[in-house]
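Take a look at the structure first, then work through the points below.

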Amino acid sequence: MQNLWPSLTALNLSVWGAWRNMGWTLYRYLMLDQLIPASLCFLGLLMILVTGRLMQFLKYLTAASVSATDILIVMALALPKLALYALPMASLMGTVLAFVRLSADNEIIAMRSAGISFRQMAPAVLTLALALTAVSFYTSVRLLPTANRELKSALRSLSRAVIPALLQEGRFIDTLPNMVFFFQHVDTSASTVRGVLIHDARNPQTRVTITAREAVIRERSEGNNEVVLHMQDGMLSRMGRDLKTSQIITFQSYDLVLSLDALLGSGKEVSWKRGEMSLAELRTALAQTQDRRYALEWHKRLALPFACLVLGMAAAPFGVLFAQGRRMTGITLSIALFLAYYLLLSAGNALGEQRLVPAAFGIWMPNAVTASVATSLWVKAHRQ
């Protein structure tokens, strides 16, 4: 054992040995060089993803006349899922941008001239990658299911604002999916409308059009989460998809019940979707149903955080090996690696769903491939 440590230092095979040789000053220098672009990349990408997510909710949220606070709450609850995809990109781009700059400014050559090998820079790269992996792991395992459940509850509570959203005069309103409303006159104080036209396409086999002289819109008793349109003196027509069958019914009174749970989910515990389940609940559901999708989700929760580690470790040699001629080459190839990772993940997920490969293989395959690429690139960069 007395000769073990000097041997490891001489052969430069120990990360701890690399850490000691590199020194605290160089370690901090490399960490800062990575942290700044990684933070900017994370915030920028998160903003883009949040904007995209907001656009998905915007039609519903604006139509429902909710407050800015409600929108902020909804977006805050959507952040964990978005961060799960932004963190691997931040790990990759933060490191590759730092090493592209070091290579372009000939600082890598200066370090090597001073006797610092490429492998000795590994602790700084590994530290950032592990830190982002830990954050991503906590987000995936703990924050994500809780935030998704709260998001569903928040959207369900906002659905009560659908009634004021419907009370708009002289406009075609498509707030609810597959339905269009038009009211000629609206009395918002009494929630009554006159000159009613409703097109209902919820059933793809039948199109329903309802006209009525007047209607009262109200929410059904607390707990049912339903909106009822009590219409009077109207006509209902049904037309089959083949345009060969039709039916016309006149009525004096007709209640059209719209279930908002059908729009946003019931929010009951038994109906949690896979993305809203904890790891333990996913395993229980898998044991009860033998549905392969629960196994895929379980492995995905664990595998996705490690994308920060493998992509971050692959980024450093990318920034050195492929940026010597043009800076954009290394950055472009890194983005291509990021896209390839998620293409492999999507392919593995699809193959897993079709039972062509085991669930674990389909989800962990991108990490294994990227880790192999990172290892070979580190060896090549060290020998250069």
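In this predicted model, helix α4 (residues 68-104) packs against helix α11 (residues 306-321) with their axes 7 Å apart and an angle of about 20 degrees between them. If you're wondering why those two values get quoted, it's because two packed helices are described by the angle between their axes and the distance between the axes.

**α4 and α11**
- Angles under 35 degrees count as roughly parallel, so that's the label for α4 and α11.
- Their crossing is right-handed.
- On the α4 side, the contact is made by Leu87, Pro88, Ser91, Leu92, Thr95, Val96, Phe99, Val100 and Ser103.
- On the α11 side, you'll find Ala307, Cys308, Leu311, Gly312, Ala315, Ala316, Phe318, Gly319 and Val320.
- Sort the residues of this α4 and α11 contact by type and you get 13 nonpolar, 5 polar and no charged.

**α11 and α13**
- Helix α11 also pairs up with helix α13 (residues 359-383): their axes come within 8 Å and cross at roughly 30 degrees.
- That angle makes α11 roughly parallel to α13.
- Which hand does the crossing of α11 and α13 have? It's left-handed.
- From α11, the residues that meet α13 are Phe306, Ala307, Val310, Leu311, Met313, Ala314, Ala316, Pro317, Phe318 and Leu321.
- Their partners in α13 are Trp364, Asn367, Thr370, Ala371, Ala374, Leu377, Trp378, Lys380 and Ala381.
- This contact of α11 with α13 divides into 16 nonpolar, 2 polar and 1 charged.

**Cysteines**
- A disulfide is a covalent bond between the sulfur atoms of two cysteines.
- How many disulfides are there here? The count comes to 0.
- Buried means under 20% relative accessible area, so cysteine 41, at 17%, counts as buried.
- Cysteine 308 is buried as well, with 0% relative accessibility, and this residue is part of the α4 and α11 contact.

**The whole chain**
- Zooming out, the chain has 13 helices and 6 strands.
- Of its 384 residues, 45% count as buried.
- Take the contacts in the chain with a separation of 6 or more: 65% of them are between residues 24 or more positions apart.

Technical notes:
Residues numbered from 1 in each chain as written. Predicted model: local features only at pLDDT ≥ 70, side-chain atom pairs only at ≥ 80, totals over all residues. Heavy atoms only, no water. Axes fitted to C-alpha atoms, helices over the stretch in contact; angles between N-to-C directions. Helix = DSSP H or I, 4+ residues; strand = E, 2+ residues; numbered from the N terminus. Parallel < 35°, antiparallel > 145°, perpendicular 65-115°, else oblique. Left-handed = near helix turned anticlockwise from the far one by under 90°. Contact = heavy atoms within 4.5 Å. Nonpolar A, V, L, I, M, F, W, Y, C, P; charged D, E, K, R; others polar. Disulfide = S-S within 2.5 Å. Buried < 20%, exposed > 50% of the residue type's maximum accessible area, 1.4 Å probe, protein only.
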